[in-house]
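Subject: Structure for you to look at

Dear colleague,

I am handing over the structure we spoke about, and below it you will find my notes on what was found. Please read them with the coordinates open beside you.

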Amino acid sequence: RAPLLLSRCLLKMVKGNIIVPEDILSFCCNGLQGSTSPPRAREPEEREEAPGAMASPAPARNPTEVQMSQLVLPCHTNHRGELSTGQLLKWIDTAACLSAERHAGCPCVTASMDDIYFEHTISVGQVVNIKAKVNRAFNSSMEVGIQVSYEDLCSGKHCSICKAYATFVAQGPLGSKVRLKPLTPQTEEEKIEYSIAAERRRMRLVHKDTLKDLLIRSPQETELETRDGSGAVPAERTRVESVELVLPPHANHQGNTFGGQIMAWMENVATIAASRLCHAHPTLRAIEMFHFRGPSQVGDRLVLKAIVNNAFKNRWVGVPRVPSPPAPPPSAPSSLPSGSMEVGVCAEAYGQEMSVSCRHINSAFMTFVVLDQEGHPRTLPMVAPEPGDGERRYREASARKKIRLDRKYVVSCKQTEVPLSVPWDQSNKVYLSYNNVSALKMLVAKANWVLAREKEKVRMYTLEEDKFLSFRIEMSVCIPASRAFSLLSNLRRRHEWDSHYVSAELVQKVDDDDMIYHVVSQKLRNENKAQDFVILASRRKPCSKGDPYVVAFRSVTLPTHPARAEFTRGETLCSGFCIWPESEEMSKVAYYNQAMPGYLNYVTTNVAGLSSDICSTFEACEKFLLKNKEDLISRLQDF
């Protein structure tokens with residue numbers, strides 16, 4: 001009867017407008033729930049448990065991860081009710097910056113952004129979900145990975161919009177650089193991103209040189225289709241210039257303009273330039289990799305200039321040497337279809353008076369399309385470039401499209417979607433080298449390796465995936481890691497320890513880190529011809545402490561070395577060595593290989609214990625390393 005009496009007493013007090021003390025009210029409520037103990041004061045260090053809290057601990061979460069969800073309102077959209085790409089770029093930059101600052105513990109500024117391909121548009125009423133986290137920290141810069149998707153609240157549908165990588169720099173007092181603490185990846189996905197971040201950084205550093213090299217090697221008499229002027233739009237008609245005043249809402253707490261805000265302003269003038277060419281409302285499909293050259297502050301005037309550099313017709317300008325994947329269905333047009341145009345846009349800053357020259361803040365190149373009612377790209381007018389700089393920009397736009405295609409189909413796609421023997425070309429050498437090394441690093445970072453057999457010091461592991469059986473074989477060797485790296489990266493000496501190799505001829509020295517070899521191996525069982533391979537060997541020294549030395553191999557094709565009748569042309573998709581220093585004189589040497597169908601029977605025979613060829617070959621490798629570790633010539637010789 002106690003709960004009943006308590007409830008009656010409480011009801012009378014409420015009807016009589018009597019204020020009920022909180023402790024009495026709490027005691028009454030606890031009593032009504034069956035508790036007879038009086039209220040207890042909470043200890044200072046005791047935390048109140050949230051209602052409905054689960055007893056089991058939540059899964060560990062990356063401390064740098066930031067999640068942002070934004071409902072798309074009419075004020076965020078264009079005339080079609082679709083989210084403005086400029087607004088999306090602001091949200092992306094904000095989420096990425098917050099993630100970077102979580103790791104750095106101090107203000108950060110945007111240094112660069114890699115290529116972004118927008119796969120879908122987002123409509124008003126839908127939700128944009130952004131997840132950003134730091135992939136790797138270097139000295140004072142860090143790479144942040146960003147994933148963007150949209151959610152339809154009515155249907156529950158989720159769809160990917162884009163994936164981006166941004167580089168941020170930590171800033172101390174007065175703009176000084178801050179040395180960042182290292183980041184320790186935990187999950188398999190984080191380990192893969194951490195490992196490949198070093199390769200992406202390497203690719204960014206040579207991006208400008210790649211474009212210069214392609215333009216030098218391209219014919220100077222590149223055709224300008226529009227010289228006759230028939231039906232062409234003069235590029236000058238698309239020129240746009242606009243000015244923006246940087247106000248406090250546009251900047252961070254240090255007064256530096258948000259990178260996302262600058263990108264949004266640039267997207268705005270680029271869209272106007274594109275509209276002047278096609279007299280329609282264009283859709284932004286891709287943004288070229290770009291770098292911020294310097295900061296701008298509150299009070300600056302930003303001058304934004306844009307012009308259409310080139311319009312691409314129903315053909316590939318500068319035909320890509322890398323085969324494109326199968327075309328998507330009509331309902332999902334590709335990110336870089338024919339009928340696209342490149343718009344160049346730059347941002348410059350000046351103070352109240354233009355007594356001095358403007359400061360160059362950023363330049364970017366954006367690819368637009370015009371979609372019909374069915375979502376297919378329309379044919380665009382041709383562009384007549386201005387003499388001099390206009391013709392230079394016209395040719396550079398063709399070169400950049402070639403590079404974008406290489407990056408999209410060699411770097412961005414999954415390893416299984418890349419053709420086995422990718423045609424080698426000077427213009428795509430950076431991306432093939434990246435793909436070669438990153439594929440091996442992804443294989444190394446996999447978590448489900450299983451110990452298959454062990455023979456003395458040699459351990460053999462296998463990894464079974466949907467389409468591949470991979471194996472890893474490793475041992476510890478008494479040799480400095482740098483010495484093992486130098487010896488194992490020289491394929492011309494591999495026949496000294498690997499009986500399967502007959503010869504390896506150096507065909508082309510691409511640079512200090514990449515070589516192409518023509519390799520001849522022994523005859524396979526049930527084959528009356530020897531196998532030959534054209535192999536790209538890419539090697540990398542450690543980027544930071546804890547990283548391995550890497551030697552990666554994959555097949556490429558060369559016009560100078562076609563398949564010949566006396567050989568069976570073989571291919572390797574992903575293989576190579578990783579060498580970890582265990583001490584100054586000890587190293588762990590591991591060899592990885594994704595077994596191709598022609599090689600599968602040999603691998604499974606060894607895994608099952610019916611043969612010891614692989615283990616015996618690796619033991620011979622150890623003897624080779626020990627025999628040559630003091631050889632002065634091989635110590636100084638890289639390849």
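I begin with Pro-542, which is partly exposed because its relative accessible area is 30%, where partly exposed lies between buried (under 20% relative accessible area) and exposed (over 50%), computed with a 1.4 Å probe and protein chains only. Before going further, please note that this is a predicted model, in which local features need pLDDT of at least 70 and side-chain atom pairs count only at pLDDT 80 or more, while totals for chains, interfaces and linings use all residues. Residues are numbered from 1 along each chain as its sequence is written, and side-chain values use heavy atoms, with hydrogens and water left out.

Pro-542 sits in the loop that runs between strand S21 (530-540) and strand S22 (549-557); helices (H or I, at least four residues) and strands (E, at least two) are DSSP runs, numbered from the N terminus. Apart from neighbours within four places in sequence, Pro-542 is in contact with Asp-547, Pro-548 and Tyr-549, contact meaning heavy atoms within 4.5 Å. Between the C-alpha atoms of Pro-542 and Ser-482, which are 60 residues apart along the chain, the separation is 9.9 Å.

H9 packs against helix H11 (residues 613-628) at an angle of about 115°, and their axes are 10 Å apart; the axes are lines fitted to C-alpha atoms, for helices over the stretch in contact, and angles run from 0 to 180 degrees between N-to-C directions. H9 and H11 are therefore roughly perpendicular to each other, a term that covers 65 to 115 degrees. On the H9 side, Arg-483, Ala-484, Leu-487 and Leu-488 meet Cys-621, Phe-624, Leu-625 and Asn-628 of H11.

Turning to the strands, S25 (residues 587-595) is mostly covered, with eight of its nine residues buried. Strand S18 (residues 469-477) pairs with S25 in the antiparallel sense over nine bridges, two strands being paired if DSSP finds at least two bridges between them, and Leu-469 has Ala-595 as its bridge partner in S25. Strand S24 (residues 575-581) also pairs with S25 in the antiparallel sense, over seven bridges, with Val-589 in S25 as the bridge partner of Ile-579. S24 and S25 form a hairpin, and five residues lie between them.

Elsewhere, six strands make up an open sheet with antiparallel pairing, in the order S3-S9-S13-S12-S11-S8. Its edge strands, each pairing on one side only, are strand S3 (116-117) and strand S8 (240-245). S3 and strand S9 (residues 283-287) run antiparallel and are joined by two bridges, and Ile-116 stands opposite Ile-287 in S9. Helix H6 (residues 259-278) packs on this sheet, touching S8, S9, strand S11 (301-312), strand S12 (340-350) and strand S13 (359-369), and its direction makes about 40° with that of S11.

For the chain as a whole, there are twelve helices and 25 strands, and buried residues make up 51% of the 639 residues. Of the contacts with a separation of 6 or more, 72% are between residues 24 or more positions apart.

With best wishes

Definitions and conventions. Parallel < 35°, antiparallel > 145°, perpendicular 65-115°, else oblique.
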